[in-house]
Amino acid sequence: MTTRYPAISAAITSLFATRDTHAVEVAILQPADPFLDMAGEDLRRRIFLTESETGQTLCLRPEFTIPVCLDHIASQAGTPRRYCYLGEVFRQRREGGNEFFQAGIEDLGDRDTAQADARSVVDAHALLSLVLPGQSLAITLGDQTIFEAVLAALGLPRGWRMRLARAFGSAPMLEAALADLANPPRNGQLSGEVATLVLDGDVEGLSTHIASGMEEAGLSASAGRSPSDIARRLIEKAELRSVRLSNEAFAALKNFLAIDVPLDGAARALETFAAGAGLSLGAALEKFTARAGAIEAHGLPAGQIRYDAAFGRPLDYYTGVVFEIAAQGGERPLAGGGRYDRLLTLLGAKTAIPGVGFSVWLDRIEALRETAP
């Protein structure tokens with residue numbers, strides 16, 4: 001493990017001190033289950049796993065949001081509360097080292113979500129502007145809530161809404177899901193009693209049948225997924241295959257995903273889309289408009305901020321705004337973040353705690369500073 005903190009660390013911690021934040025340090029060894037359950041396929045594939053003497057599955061800290069939230073729950077600290085951090089994370093990466101520094105802010109408990117979202121974007125932009133003076137930055141915003149509101153307004157059943165929501169942020173996964181939605185694949189693998197139970201949606205009967213088959217094969221029902229989990233998944237897949245979106249609804253979904261406009265025209269673009277498709281986006285659009293206004297009120301350059309309806313981040317815990325900031329014309333993000341209102345409850349908080357935050361990749365920033373004129 002390296003102990004060399006980046007040269008820009010002092011400037012970042014000084015900025016954090018002006019942002020009403022509490023500096024937090026979290027353990028490098030973390031319980032793996034929260035990441036395996038909630039951090040998305042892209043991150044799950046890159047985690048370094050190990051095991052404790054008691055058999056608990058642990059991992060090297062792959063990011064800070066989940067550990068900071070776990071520490072907040074354990075400390076029973078009050079909210080609203082803003083945490084800042086700067087430290088190492090560990091991931092297998094296609095490019096760059098597997099051990100690198102991240103810094104960021106997690107904003108927990110503020111019920112004014114529009115202002116909290118805006119503050120997160122503005123603070124991330126301020127950090128990058130501080131350590132990359134003179135660098136033009138491009139901010140891309142997406143919104144999980146708007147995407148899910150469109151899916152609901154189109155009348156998609158819950159199973160399809162869940163699959164598409166999980167794919168949001170991954171272009172290959174979303175394209176594959178949309179292809180299946182346009183032309184549902186047939187399933188010729190099920191036959192006989194299983195096919196009948198699946199067609200009838202008989203979870204209890206199918207679970208019993210699967211458990212019996214596992215017992216005959218000498219497989220433990222307690223190892224891996226349970227018979228009831230397998231039964232529910234088979235029935236869910238069958239239900240998904242039974243849905244075919246109308247041509248009009250499919251065209252509306254494609255039109256929505258093609259929206260890519262400056263933020264100051266995004267609310268109008270969404271209103272125009274909804275009116276043309278005959279859809280109501282309700283509270284989701286109201287929250288979007290309030291957030292856009294809050295961001296613009298901070299005076300960020302309007303030309304640097306775009307809303308891309310198809311943009312998401314491949315982490316399963318995001319629930320609202322998602323964003324990335326990159327150098328103008330750059331391919332890799334320098335900062336990324338978003339809203340995660342369900343995360344703390346899933347991690348064990350007894351009451352719902354809204355949250356939003358961002359992190360920055362210090363190795364990417366340093367590389368850009370080295371090439372700056």
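View 1. Exposed here means over 50% relative accessible area, buried under 20%, and partly exposed in between (1.4 Å probe, protein chains only). H12 spans residues 247-257, and its buried residues are Ala249, Ala252, Leu253, Phe256 and Leu257. These five share a side of H12 because they cover an arc of only 135° around the axis, taken from the directions of the C-beta atoms as seen from that axis. This is a predicted model, in which local features need pLDDT of at least 70 and side-chain atom pairs count only at pLDDT 80 or more, while totals for chains, interfaces and linings use all residues. Residues are numbered from 1 along each chain as its sequence is written, and side-chain values use heavy atoms, without hydrogens or water.

**View 2. Several elements cover the buried residues of H12.** Among them are helices H6 (144-153), H8 (171-182) and H13 (266-277), together with strand S9 (305-308). Helices (H or I, at least four residues) and strands (E, at least two) are DSSP runs numbered from the N terminus.

**View 3. His125 sits in helix H5, residues 113-131.** His125 counts as buried because its relative accessibility is 10%. Leaving aside residues up to four places away in sequence, His125 touches Leu137, Ile139, Leu300, Gln304 and Ile325; contact means heavy atoms within 4.5 Å.

**View 4. The side chains of His125 and Gln304 are joined by a polar contact of 3.2 Å.** Such a contact pairs N or O atoms within 3.5 Å; within protein, one must be able to donate a hydrogen and the other to accept it, and residues adjacent in sequence count only if both atoms are side-chain atoms.
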